[in-house]
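Me: I'm new to this structure and would like to learn how to read it. Could you take me through it one feature at a time?

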Amino acid sequence: MAVAAGCGIWLWWGGEKKDVISRSDPYRIGVVTKSRTSEYWMMIQSGMETAARQAGAELILFSPESEADQEAQEKLAGSLIKKNVDVLAVAPIDSGTYPEYRKTAEKKGIPIVSYDTPFEDPDVPYVGIDNQKAGYRLAEYLCEALEHQGDIGVIAGDLRQLNHRQRVEGICDYIEKEPNMQVVFVEEGYGNRKLSETEIHKLQDQYPEIRGIIANSAVAALGLVDEVKTHNILVVSHDAQSDSIEALRDGSISALIAQYGYEIGYETISYIDAMYKGKNVPKKKILEAELLTGESLEKYDEKYSQ
Amino acid sequence: MKSIRSKILTAMIWITLLASAAVTVIFYRQSAGVIEENYLKTLQQRNAQMIDVMDQTMKNIHDITIYASCDQELKNGIQQYENRQNSEYLDLLAERLKEFCGREAGISSMYLLMKNEKVLVTSEEYPVYKKELQNSDIRNIETFFEEEKSPGILQDLVSDKELQLSFVEEIRSEKEEVLGYILSNVGERELYYQYIDEIYEDTMQEVVLLDDEGRVLTSSEKYETGAVYWNLECYQKRIGGAENFGTDGSNLYSYCKAPFSGFGLFVVTERNAVLHTLQETGKYFVCVLLIVMAAAVFAALYLSGLIYRPLKKLTGAMSKVSEGNLDFRAEVGSNDEIGLLAEDFNEMLDRIEDLIQRLIIEEDRKKDVELEALQYQITPHFMYNTLNSIKYAALIKGETETGKLIGDFVELLQAAISKKGTFITVAEEIHILEKYIHLQEFRYGGQFHVRYEISMETEGYQVPRLLLQPLVENSLLHGMDLKEKEGCLKIKTELVEGRLYLKVTDNGRGMTEEQIRKLLSEKSRKTTGFTAIGIPNIQERLHLYYGEDAGIYYESSEQETTAVIFLPAQKGDKNNETDQNNHCR
């Protein structure tokens with residue numbers, strides 16, 4: 001009887017659940033991009049979110065409305081510093097400045113990591129491709145394709161950004177080796193922007209002998225392929241994203257530097273995670289960027305499907 | 001004393017009660033656990049989703065506030081108004097604010113505070129702008145921004161009374177001078193209908209949206225916006241971390257915190273409200289339990305009755321028998337163990353009755369035998385003395401023969417009526433027989449002669465007294481035809497395989513099988529004297545003393561007839577043994 005009563009009491013009270021599941025705050029990574037509109041930046045965001053999930057970190061991601069909006073980017077970064085994120089990742093619109101948020105971050109001891117675009121300050125870690133090398137290789141390919149003859153033009157991004165500047169430097173470095181070739185124009189400010197029809201026609205009128213164009217962003221490249229197609233001008237570009245790959249497939253773009261947005265995003269967060277957890281990380285994490293042509297597309301497809 | 005029936009009944013009821021109660025309690029607890037767990041998980045998921053949606057909106061509002069603070073049009077508008085003091089610029093600024101405000105449905109209103117001009121431009125239809133702002137209001141906004149409280153709770157600059165959630169960002173000119181502030185406001189009601197009302201259910205006690213310092217932004221209860229949540233201390237263990245949910249026994253809690261804004265949604269639900277349906281089911285279970293119990297009691301009554309009825313009959317029969325009614329028999333109503341018990345009991349009674357009957361008969365017979373023996377003792381001393389006097393008188397007168405005869409007779413008489421005991425040795429029996437035969441020889445005048453073949457080894461064995469005399473008497477009276485030929489009598493004793501054989505053989509007329517059977521089956525009669533002791537008497541005595549181990553039979557031919565008595569060869573004082581046996585009986 002006593003046993004039965006004991007069982008009863010145990011069943012009624014003893015088994016009472018008092019479980020509380022509590023998950024403490026994960027560490028927070030603040031990210032500021034340069035833009036949110038192009039596929040490249042969406043891929044970066046996707047890669048970052050995947051890596052943050054795996055690392056158990058919380059991602060707070062802000063984007064200015066356009067790549068030109070430096071003030072907004074700095075304010076967004078500033079607000080993340082105010083929010084006391086644990087690490088801040090920035091793709092600076094202006095690599096050369098030393099904005100307010102960096103000062104505050106230094107004061108608060110919040111580390112900053114640059115990705116996609118490095119700061120000129122070599123103390124800020126960088127995750128991304130070697131832009132100078134990329135420019136060099138694109139120029140090399142284009143010159144070969146043009147049989148080392150003729151004029152070429154460059155549609156560059158915002159040259160305040162070190163990545164775009166390095167790409168142009170890379171191109172010039174190579175062209176110097178080609179006695180029969182020269183860069184006849186470098187149009188700046190098309191990092192994530194297309195040239196207007198008028199701008200293209202103006203360039204065509206100005207440089208009728210042009211045989212090849214190196215675009216430093218996929219958006220700029222795709223904006224001019226239709227216009228230059230009839231003039232037998234070869235276009236090579238940066239950034240591997242679905243529309244630029246399609247353009248490569250149909251021949252309107254001859255070669256691409258395959259800078260994978262997803263990979264950059266993923267690697268950036270992995271780098272930050274390792275750094276945050278006290279592992280030894282190099283100052284720069286340079287990602288491989290292969291040159292994609294119509295022939296090597298198969299390889300790309302394989303990697304992309306993976 | 002409790003009967004077996006009540007014990008069985010109690011046991012069955014207890015077993016049923018315990019089993020049903022255990023099943024009910026376990027089932028209830030399991031179900032309650034599962035329901036609680038599922039409710040908590042679902043609640044937590046909804047809470048987390050709601051927090052995600054809210055945080056995304058807050059991020060959007062934050063972005064828009066920053067975009068607006070960097071907007072060149074706004075900057076130009078402010079500078080132009082500052083330069084020209086034309087209200088048209090304020091209308092243009094209001095239009096631009098409306099555009100920003102329209103980008104996110106979560107924004108209730110946007111204000112542009114021009115610090116130098118003390119003018120507030122709004123995205124509202126009315127007032128479009130408000131001039132001559134209080135210095136204190138402007139200072140408030142400045143402090144709010146500088147102290148990095150954005151997003152936080154601010155007093156509405158237009159209505160003055162209402163508190164609302166505001167995002168504040170300063171606007172700087174290209175010369176880095178502060179032109180003013182952009183405020184993106186979210187009203188308490190907007191927050192309530194967007195987030196609290198969406199998640200609130202009748203079962204919930206309260207749903208509160210708290211800022212990162214534990215102040216109420218909005219709630220399902222009438223809590224004051226901006227006041228520190230009154231239950232913060234009470235729930236301090238439950239409000240914290242990124243996620244926190246569970247139960248303390250009486251309430252279920254769920255807390256989710258937004259990573260960007262730091263706002264947390266806290267839900268308290270009464271456990272009983274969640275388990276309401278289960279409790280209803282619980283009542284139903286209790287009813288079922290009671291019905292099952294009642295059924296179990298009836299079943300127990302019926303079953304225990306089935307088991308108990310034959311047992312009751314058997315115990316009844318036993319008590320009647322124990323009262324002395326040996327004729328009563330238990331009723332055998334089933335084939336089970338109890339039926340078998342009743343059968344065995346009846347059988348046992350039969351055997352007892354049979355034994356008692358036999359005991360009574362044996363006792364009767366023994367009594368008869370004893371009476372007979374007593375009859376032999378009628379005035380023995382008087383007779384002995386008289387006969388002894390006659391014997392000595394005859395001897396004195398020289399009648400030696402007569403004296404000897406009388407002496408034999410006295411000895412015979414003494415042997416017949418002796419009190420010494422029932423058993424004597426074979427030698428003594430032969431000695432008495434010789435006396436008897438001597439008297440008979442005198443009577444028949446020597447018409448027969450006797451031959452004794454007494455085995456020496458038999459002489460010491462014990463036999464019942466006067467066993468052979470009736471056989472000799474039978475031979476003399478009925479066996480031998482003394483008129484036709486000389487009679488010849490043979491007395492023989494022998495020991496064969498532990499058995500004593502006493503034989504009397506005559507050369508008389510012989511007996512047919514029919515005669516032998518009749519003689520042996522004859523019932524014993526009461527005897528009045530010596531000669532009347534017949535064969536049946538011997539048979540009865542042998543049977544009485546030895547049972548089936550002793551008996552008498554006849555072997556007869558034309559030449560001779562032999563009566564044979566066989567009995568177990570036993571030495572020692574049989575009289576004492578017999579007496580003891582009799583005592584035992």
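**Reading the features**

Me: Is Cys143(A) buried or exposed?

Reply: Cys143(A) is buried, at a relative accessible area of 0%. Buried means under 20% relative accessible area, exposed over 50%, and partly exposed in between (1.4 Å probe, protein chains only). Cys287(B), at 45% relative accessibility, counts as partly exposed. Before we go on: this is a predicted model, where local features need pLDDT of at least 70, side-chain atom pairs count only at pLDDT 80 or more, and totals for chains, interfaces and linings use all residues. Residues are numbered from 1 along each chain as its sequence is written, chains are lettered from A and ligands numbered from 1 in the order in which they are written, and side-chain values use heavy atoms, leaving out hydrogens and water.

Me: How many disulfides are there over all chains?

Reply: A disulfide is a covalent bond between the sulfur atoms of two cysteines. Here the cut-off is a pair of sulfur atoms within 2.5 Å, and the search of the whole structure finds zero. For Cys143(A), the nearest cysteine sulfur belongs to Cys172(A), 11 Å away.

Me: What about the nonpolar core: which residues have the most contacts inside the largest one?

Reply: In soluble globular proteins, nonpolar side chains tend to be buried together. A core here is a set of buried Ala, Val, Leu, Ile, Met, Phe, Trp, Tyr and Cys residues joined through side-chain atoms within 4.5 Å. The largest has 71 residues, and Leu88(A), Met58(B), Met110(B), Leu112(B) and Val121(B) have the most contacts inside it. Helix α1 (residues 4-70) of chain B gives the most to this core, 13 residues. Helices (H or I, at least four residues) and strands (E, at least two) are DSSP runs, numbered from the N terminus. Apart from that core lies another of 45 residues, including Ile29(A) and Val127(A).

Me: And aromatic pairs? Why is the pair of Phe62(A) and Phe260(B) called edge-to-face?

Reply: Rings of Phe, Tyr and Trp (its six-membered ring) pair if their centres lie within 6.5 Å; planes under 30 degrees apart count as stacked, over 60 as edge-to-face and the rest as tilted. The planes of Phe62(A) and Phe260(B) are at 90°, with centres 5.3 Å apart, so the pair is edge-to-face. This pair crosses between chains, from strand β3 (residues 58-62) of chain A to the loop between β10 (251-257) and β11 (264-270) of chain B. Both Phe62(A) and Phe260(B) are buried. Tyr501(B) and Phe566(B) make a tilted pair, 6.4 Å centre to centre with 35° between the planes.
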